[in-house]
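Morning, everyone. I have one model to walk through today. Please look at the screen.

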Amino acid sequence: MFYSKFKKHVEALLFSSGNPISTKKIAQILEIHEQHVELLIDQLIQDMTDENRGLMIVKVAAGYQLCTKPELA
C-alpha cells in the first residue's frame, strides 16, 4: 500500500492524543484519505494482536484510542 509509510505516524497520533481520535482527524493531519487511515489502523490492530505487545487499539465512540491490554492493566 502506498500509504503504509504513514502507519508509524498513525500509531504516534494515537499514542500522543491520549483521547479517542477520529479517522477523519487523522486523515486531515496526515493529508491522506480517510479510507487509507482505516486500513492503516486495521493493520496496526493486527500487528498488535499478532505480536506479544502490551498495547492495543480500541474503537471508542467515533474514534480510536491506544490502550493497555486488559491483562496488563
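Let me start with a question: is Ala61 buried or exposed? Ala61 is exposed, at a relative accessible area of 76%. The cut-offs are these: buried is under 20% relative accessible area, exposed is over 50%, and partly exposed is in between, with a 1.4 Å probe and protein chains only. Ala61 sits in the loop between S1 and S2. Its phi is near 50°, a positive value in a residue other than glycine.

Now the ground rules. This is a predicted model, where local features need pLDDT of at least 70 and side-chain atom pairs count only at pLDDT 80 or more, while totals for chains, interfaces and linings use all residues. Residues are numbered from 1 along each chain as its sequence is written, and side-chain values use heavy atoms, with hydrogens and water left out.

Next, the fold. The protein chain has 3 helices and 2 strands. The order along the sequence is α-α-α-β-β. The radius of gyration is 12 Å, close to the 11 Å that the globule rule gives for 73 residues, so the chain is as compact as a globular protein of that length. That radius is taken over C-alpha atoms, and the rule is 2.2 Å times the number of residues to the power 0.38. Helices here are DSSP runs of H or I with at least four residues, strands are runs of E with at least two, and both are numbered from the N terminus. Along the principal axes, the C-alpha trace spans about 35 × 25 × 15 Å. Of the 73 residues, 30% are buried.

On to contacts, meaning heavy atoms within 4.5 Å. Take those between residues at least 6 apart in sequence: 43% join residues at least 24 apart.

Helix H1 now. Which residues of H1 are buried? They are Val10, Leu13 and Leu14. Viewed down the axis of H1, they fall within an arc of 95°, so they line one face of the helix. The arc is that of the directions from the helix axis to the C-beta atoms. On the other side of H1, Lys8, Phe15 and Ser16 are exposed. The buried residues of H1 pack against H2, H3, strand S1 (55–60) and S2. Just after H1 comes Gly18, with a positive phi of about 80°.

Then H2. Thr23, Ile26, Ala27 and Leu30 are buried there. Their arc around the axis is only 100°, which puts them on the same side of H2. These buried residues pack against helix H1 (7–17), helix H3 (34–50) and strand S2 (63–68).

Let me zoom in on Leu30. Leu30 belongs to helix H2 (residues 23–30). Why does Leu30 count as buried? Because its relative accessibility is 13%. Set aside its neighbours within four places in sequence, and Leu30 is in contact with Phe6, His9, Val10 and Leu13. Asn52 is 22 residues away from Leu30 in sequence, and 28 Å away in space, C-alpha to C-alpha.

Glu31 has phi near 60°, a positive value in a residue other than glycine. Glu31 counts as exposed, at 71% relative accessibility.

That is the tour. Questions, please.
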